[in-house]
Amino acid sequence: TTPTINQEPASLTTTTTLPTGPLFDLTVGGRIKGNLGIGFGFAYYERNVEGRVVGDVPHPFFFNRPRRLDATLPLDHQNFAIHMHAMWLLPISKSFQMAVFGGPTYFQIEQQSITDVQLQDDYPFDTVGIAEGSAKLEKSTRWGLNAGLDASHFFSRYIGVGGMVRYSRSNLGLGSDTSSFEAGGLQVGGGIRFRY
């Protein structure tokens, strides 16, 4: 954004980077014919993140002498994804199987975006900070793609453990043409497997 501050245009950019961490994921799938199958995955991720505001803020007394602003504000983020994919099943043995998969992903992002900041600009005005800021919750949806590999080991006919590597990606707009968000990324997980 380029608001006018002290009769000069300022230049402010806000970025948010999501930290890595656990998410909730439930995936179901079944064989259609031969080694071909289909699956659906539901993933949910919620975090409190920091929005970083950087830019150049004009000086109240001198033209063309901006001060550098670099500050953070707390923001909320929610990420929900529905993964749909075709699977190619690779039965290595009775107890161990693998599958490669890929297909479309439906992303829904809810992200707080910084809409306004009140500057902390005190004498002698050599530095500038943020006294407080306001943010609104924005929502965006978009389709993307996913692909990955799954491996399962079964202790009995119905119950086992497994691991999965999945990569998904989409780019969503939030609220305005100047705001965008990259959704998805690399996910590595493990859990209980139920076979029917």
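The model is predicted, so to speak of local features a pLDDT of at least 70 is needed, side-chain atom pairs count only at pLDDT 80 or more, and totals for chains, interfaces and linings use all residues. Residues are numbered from 1 along each chain as its sequence is written, and side-chain values use heavy atoms, with hydrogens and water left out.

**Overall build**

- The protein has ten strands and zero helices, where strands (E, at least two residues) and helices (H or I, at least four) are DSSP runs numbered from the N terminus.
- Reading along the sequence gives β-β-β-β-β-β-β-β-β-β. The radius of gyration (taken over C-alpha atoms, with a globule rule of 2.2 Å times the number of residues to the power 0.38) is 23 Å, well over the 16 Å that the rule gives for 196 residues, so the protein is more spread out than a compact globule.
- Along the principal axes, the C-alpha trace spans about 80 × 30 × 25 Å.
- Contacts (heavy atoms within 4.5 Å) reach across the sequence: of those between residues at least 6 apart, 64% join residues at least 24 apart.

**Surface and charge**

- Of the 196 residues, 34% count as buried; buried means under 20% relative accessible area, exposed over 50%, and partly exposed in between, with a 1.4 Å probe and protein chains only.
- The accessible surface comes to about 12,100 Å², and 57% of this belongs to carbon and sulfur atoms. Areas come from the Shrake-Rupley method with a 1.4 Å probe, and for residues only the protein chains shown count as cover.
- There are 16 positive and 17 negative side chains, and the centres of the two sets lie 21 Å apart. Lys and Arg count as positive, Asp and Glu as negative, while His and the chain ends are not counted; the place of a charge is NZ of Lys, CZ of Arg, CG of Asp or CD of Glu.

**Salt bridges**

- Side chains of opposite charge can pair when their charged atoms come close. With a salt bridge taken as a side-chain nitrogen of Lys or Arg within 4 Å of a carboxyl oxygen of Asp or Glu, the count is six.
- One of them joins D25 and R166, at 2.3 Å from N to O. This pair links distant parts of the chain, with D25 in strand 4 (residues 24-33) and R166 in strand 9 (residues 159-173), 141 residues apart. R166 is buried at 0% relative accessible area, whereas D25 is partly exposed at 28%.
- R67 pairs with D121, their closest N and O atoms being 2.9 Å apart. R67 lies in strand 6 and D121 in the loop between strand 7 (96-120) and strand 8 (129-154), so the bridge ties together parts 54 residues apart in sequence. R67 is buried at 4% relative accessibility, and D121 is partly exposed at 23%.
- R68 bridges to D56, with 3.2 Å between the closest N and O atoms. Since R68 lies in strand 6 (residues 67-91) and D56 in strand 5 (residues 36-57), the pair ties together parts twelve residues apart in sequence. R68 is exposed at 53%, and D56 is partly exposed at 32%.

**A43 and its surroundings**

- A43 sits in strand 5 and counts as buried, at 5% relative accessibility.
- Leaving out residues up to four places away in sequence, A43 touches L23, F24, D25, N79, F80, A81, H83 and R166.
- F194 is 151 residues from A43 in sequence and 18 Å away in space, C-alpha to C-alpha.
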